[in-house]
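Student: Could you take me through one part of this structure closely? I would like to look at the aromatic pairs and the strands around them.

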Amino acid sequence: MCDVTQIHICPSKRGVDNTLPISLYSTAFLFHQAKVGTSGKQLWFSLLDRRSDNWAEIQGPVTSATIGGQGTVFLVDSKIYLFYAVTADSAIYYNVLDGVTWKGETKVPLDGISVAAGAGPSSIFYKEKIHIFYPVNETTFAFITLNTSTNTWGKPTEINLEVNDDGKNPYDIGITSNITSPVIFQNNVCNLYNGKIKATTDTVYLEGRVRINIFNGKATMSDRQVPNTYLTAKPGAAVYGNKIYCFHQGNKSDGAIWYNTSSDGANWVGDK
């Protein structure tokens, strides 16, 4: 049994949401969305003092505008990269912290492939580049890469979800969640997301289905439903012991957390 400790990192007037933890130089950073007064939600952060084991006063905001969806944070070459979507222009921005100084907000060159309303980016370090994934609309998400060594961006590329579900029954496939959960598994990127499907003979979507999109760096290799795994929010993904884990809230919105595991991304043990 583990202990659960409540963390008070900001005044009650700020509503905390979507936490993003990461560590740098033995210091824990906790990024989160917070709302101040009548302004929209922005990204703030707090630090864990390793000497006293206490959380320092909230710092920020890191962002200058209201953000949509959830941000994503990644550590590369002892620098924290923070990516987030700005509601006003459906764009992704990022900031870099070297441990002391923020470099300043910079807009990601999406070349017209904008972020869906209310959505946010997710990121993974894959093939020596940061890959940023984000929903474009209800049937498409996209990715763009950043080479941190040269600070150069690739071209954004759309990933259209397959019309045929693994070549079996024809389905229209859509995205319900406003962010995907990518992990590296068996040398591919596995993106878990809250999906929806509709048989071509039906008129309504069946929502709240966990789906997994397997991506090789250039194109989708497969996009399939995780069997009998239902949810009410975005899933969380992790890799441990040569297995991929899918954590999610159950479909009854009762706060219960379930998980499912797979050793190949195709065959799943079943929800527990």
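Tutor: The structure, a predicted model, holds 17 aromatic pairs. Rings of Phe, Tyr and Trp (its six-membered ring) pair if their centres lie within 6.5 Å; planes under 30 degrees apart count as stacked, over 60 as edge-to-face and the rest as tilted. One of these pairs is F83 with Y94, which is stacked, at 5.6 Å centre to centre and 25 degrees between the planes. This pair links distant parts of the chain: F83 sits in strand β6 and Y94 in strand β7 (residues 91–97), 11 residues apart. Both F83 and Y94 are buried (under 20% relative accessible area, with exposed over 50% and partly exposed in between, using a 1.4 Å probe and protein chains only).

Now the strands. Strands (E, at least two residues) are DSSP runs, numbered from the N terminus, and two of them pair if DSSP finds at least two bridges between them. Strands β6 and β7 belong to an open sheet of 4 strands, with the order β5-β6-β7-β8 and antiparallel pairing. Its edge strands, β5 (67–76) and β8 (106–107), each pair on one side only. Strand β6 (residues 79–86) runs antiparallel to β5, joined by 7 bridges; for example, I67 has V86 in β6 as its bridge partner.

Elsewhere, ring pairs link F133, F141, F143, Y193 and F215 into a cluster.

A note on reading all this: residues are numbered from 1 along each chain as its sequence is written. In this predicted model, local features need pLDDT of at least 70, side-chain atom pairs count only at pLDDT 80 or more, totals for chains, interfaces and linings use all residues, and side-chain values use heavy atoms, leaving out hydrogens and water.
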